[in-house]
Amino acid sequence: MLNNITMGQYYPVDSKVHRLDPRVKLILTIVFIVAVFLAKTFVGYAILFLFIYGTARLANVPFKMLLRGLKPLRLILILTFLLNLFFTSGETVWVEFWIIRITKEGFLQALYYSIRLAFLVIGTSLLTLTTSPVSLSDAIEILLSPLKKIHFPAHELAMMMTIALRFIPTLLEETDKIMKAQMARGADFESGNLVKRAKAMVPLLVPLFVSAFRRAGDLAMAMESRCYHGGEGRTRLRVLKLTRNDGIACLVMAGLLALIILEGILL
């Protein structure tokens, strides 16, 4: 299950998407999220799917990897579908038995919300898979730098996000090691119902938290020993510059957003 988590992981290959400016990719991801919420019909979601699939192919990221990232969320997706299916009122009734009432409008809303949630996860995963944590933190800091005039801690926020993204694979690896060690001692994480599996995961929390706090302490000591005092006066090894491909990507995303808006008006 831990291998199915793609959020926060970086896929190190060379592609046009990887070479895009991280500021542009962050803004385009936000625009994509807006487009997902604006889509209202199957035509709009089909357009978004083709865009995601084409972007994944252009980024040399296996599309199966993006779909695999949905496996840890399958329970949330199923609950989202069922709650909207049974608790959404409508005029066209398909099934009505006792307190169960399934309507056409409820089915469509359940399907739309589930697809929307899946697209949100895939879109954000594609951002982290094609952007290194350091580049992403630089982009966040630069985009938030105008807020420094009102004493907003842009650098500190970007640093915290960098550390969080950087340690996601490390904590996953640590969790995997703890699980294998406990399974060698007879622990069972696979059998039983959902409640039993949740209880079996409780013994993982104590050693995982101890390891996380130990790593946080080591990181703080390392930063202090290197005289780290924030972002004032610090320079960057790689200066971010916009290229022609960044402009093309912005035009493509603007066209996608306009197409989704037009589809919502006409259909």
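Guide: Helix α1 (residues 22–38) and helix α6 (residues 133–144) have axes that come within 8 Å and cross at roughly 75 degrees. The axes are lines fitted to C-alpha atoms, for helices over the stretch in contact, and the angles run from 0 to 180 degrees between N-to-C directions. The two helices, α1 and α6, are therefore roughly perpendicular to each other; angles of 65 to 115 degrees count as roughly perpendicular, under 35 as roughly parallel, over 145 as roughly antiparallel and the rest as oblique. On the α1 side the contact is made by Pro22, Arg23, Leu26 and Ile27, and on the α6 side by Ser135, Leu136, Ala139, Ile140, Ile142 and Leu143. Contact means heavy atoms within 4.5 Å. By class, the contact of α1 with α6 has eight nonpolar residues, one polar and one charged. In this scheme Ala, Val, Leu, Ile, Met, Phe, Trp, Tyr, Cys and Pro are nonpolar, Asp, Glu, Lys and Arg are charged, and the others, Gly among them, are polar.

The model is predicted: local features need pLDDT of at least 70, and side-chain atom pairs count only at pLDDT 80 or more, while totals for chains, interfaces and linings use all residues. Residues are numbered from 1 along each chain as its sequence is written, and side-chain values use heavy atoms, with hydrogens and water left out.

Helix α6 also contains Pro133. Pro133 is buried, with a relative accessible area of 18%; buried means under 20% relative accessible area, exposed over 50% and partly exposed in between, with a 1.4 Å probe and protein chains only. Leaving aside neighbours within four places in sequence, Pro133 is in contact with Thr162 and Leu165. Pro133 and Gln9 are 124 residues apart along the chain, yet their C-alpha atoms are separated by 8.6 Å.

Helix α1 takes part in a ring pair as well. The rings of Phe32 and Phe51 have their centres 5.9 Å apart and their planes at 25 degrees, so the pair is stacked. Rings of Phe, Tyr and Trp (its six-membered ring) pair if their centres lie within 6.5 Å; planes under 30 degrees apart count as stacked, over 60 as edge-to-face and the rest as tilted. Phe32 lies in α1 and Phe51 in helix α2 (residues 42–58), so the pair ties together parts that are 19 residues apart in sequence. Phe32 counts as buried at 5% relative accessibility, whereas Phe51 is partly exposed, with a relative accessible area of 22%. A search of the whole structure finds nine aromatic pairs. Elsewhere, ring pairs link Phe42, Tyr45, Tyr112 and Phe119 into a cluster.

As for the setting, the protein has nine helices and two strands. Helices (H or I, at least four residues) and strands (E, at least two) are DSSP runs, numbered from the N terminus. The protein is divided into domain 1 (8–131 + 240–266) and domain 2 (150–225), with bounds from an automatic or database domain assignment. The C-alpha centres of domain 1 and domain 2 lie 28 Å apart. Buried residues make up 34% of the 267 residues in the protein. Among contacts with a separation of 6 or more, 73% are between residues 24 or more positions apart.
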